[in-house]
Amino acid sequence: MKKEIKLEKSWLKELVDEFEQPYMQQLKKFLQNEKSQGKTILPASSLWFNALNSTPFDKVKVVILGQDPYPTLGHAHGLCFSVMPEVKPLPKSLININTELMDDCKIDNRHTGYLQPWAEQGVLLLNAVLTVEQGKPNAHQGQGWEQFTDKIIHLLNEKKEGLVFILWGAYAQKKGVFIDQQKHLVIKSPHPSPLSAHRGFYGSKPFSRTNNYLSQSGKEQIDWQL
C-alpha cells in the first residue's frame with residue numbers, strides 16, 4: 001500500500017510508521033485480494049487518502065466524521081458526505097445537510113454535493129472506513145481502516161488545540177468519545193440521514209457554531225458557500 005500512496009507531507013510525517021503496522025499490512029492484503037477477484041473498490045485508489053491530501057495536518061480547523069464511502073460508482077471521491085460535481089440527484093443525507101445549512105446560515109448549496117472547497121479551507125472530511133465495494137455498503141468495515149482513522153483522530157486531539165469536531169450520529173460519536181472537550185469544541189447531533197434528521201439534526205446549527213468558535217479562537221471562518 002505504501003508504494004501506491006501519495007500522501008501530503010505533513011500527514012506523511014505523522015503517519016509514516018502506521019503503514020508498517022501489522023494491521024495495515026493485513027488491510028493491504030485484503031484490498032489486493034478484493035481486486036484480484038475482480039471486485040470494484042470505491043473510490044479509485046488515487047482518492048483513498050483524498051481527505052488527508054486535501055486538508056494538510058497543519059491546516060485542519062474542523063473535522064467532520066463519516067462512516068464509509070458511497071457504494072455507487074461515480075459518487076465517492078474520498079471526502080465524507082461529498083459526491084462528485086455531476087452527481088444528481090444528491091444523496092438524501094446531503095440534501096438534509098444543505099437544508100440545515102440554509103436554515104442555519106442562509107446559504108443555499110442545493111445545486112451541488114461537491115464539498116472539496118470545504119476541505120481546502122481546513123475541514124477534514126474523514127470517513128472511518130476509506131474504501132467500499134461497489135454496490136455493497138459497509139463491505140470493508142472491520143478490515144483495519146477504523147484503526148487507521150482512529151490514529152488520525154488521536155493525533156489531531158493530542159497535537160492540536162481549538163479544533164471543531166462535528167459528530168453526526170451514534171457511530172461518529174462513539175468514534176470520537178475520547179476527544180478532549182477542554183481543548184476542542186465537540187458538536188454532537190443525530191445523523192442527517194432521513195431516518196434521524198428530524199430527531200435533532202435539524203436546528204442543531206453546526207455551521208454557525210463552528211464559525212463562532214473559530215472566530216473566538218482568532219481563526220478564519222469557513223465559507224460554507226459552494
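This is a predicted model: local features need pLDDT of at least 70, side-chain atom pairs count only at pLDDT 80 or more; totals for chains, interfaces and linings use all residues.
The model contains an open sheet of four strands, arranged in the order E3-E2-E5-E6 with parallel pairing. Strand E3 (123–127) and strand E6 (185–189) form the edges, each pairing on one side only. On average, and with direction ignored, neighbouring strands of the sheet are turned by 20 degrees against each other. Strand E2 (residues 62–66) and E3 run parallel and are joined by five bridges. In this pairing, Val-62 has Val-123 of E3 as its bridge partner. Helix H6 (residues 145–159) packs on the sheet, where it touches E2, E3 and strand E5 (164–168). The direction of H6 makes about 150 degrees with that of E3.

Packed helix pairs are described by the angle and the distance between their axes. The crossing in which H2 passes H6 is left-handed. On the H2 side, the contact is made by Tyr-23, Met-24, Leu-27 and Leu-31, which meet Trp-145, Gln-147 and Phe-148 of H6. Classified by residue type, this contact of H2 with H6 has six nonpolar residues, one polar residue and no charged residues.

From H4, the residues Ile-97, Glu-100, Leu-101, Asp-104 and Cys-105 meet Pro-206, Phe-207 and Ser-208 in H8. The contact of H4 with H8 divides into five nonpolar, one polar and two charged residues.

Aromatic pairs number 14 in the structure. One of them joins Trp-48 and Trp-145, with ring centres 6.3 Å apart and planes at 80 degrees; the pair is edge-to-face because planes over 60 degrees apart are assigned to that class. Trp-48 is located in the loop between strand E1 (41–42) and helix H3 (50–54), whereas Trp-145 belongs to helix H6, so the pair ties together parts that are 97 residues apart in sequence. Trp-145 is also among the H6 residues that meet H2.

Most peptide bonds are trans, and most residues other than glycine have a negative phi. The peptide bond from Leu-42 to Pro-43 is cis, with omega near -10 degrees. Pro-43 is situated in the loop between E1 and H3, the loop that also holds Trp-48. A cis peptide bond is likewise found from Lys-88 to Pro-89, with omega near -10 degrees.

Definitions and conventions:
Residues are numbered from 1 along each chain as its sequence is written. Side-chain values use heavy atoms; hydrogens and water are left out. Two strands pair if DSSP finds at least two bridges between them. Helices (H or I, at least four residues) and strands (E, at least two) are DSSP runs, numbered from the N terminus. Axes are lines fitted to C-alpha atoms, for helices over the stretch in contact, and angles run from 0 to 180 degrees between N-to-C directions. Contact means heavy atoms within 4.5 Å. A crossing is left-handed if the near helix is turned anticlockwise from the far one by less than a right angle, and right-handed if clockwise. Ala, Val, Leu, Ile, Met, Phe, Trp, Tyr, Cys and Pro count as nonpolar, Asp, Glu, Lys and Arg as charged, and the others, Gly among them, as polar. Rings of Phe, Tyr and Trp (its six-membered ring) pair if their centres lie within 6.5 Å; planes under 30 degrees apart count as stacked, over 60 as edge-to-face and the rest as tilted.
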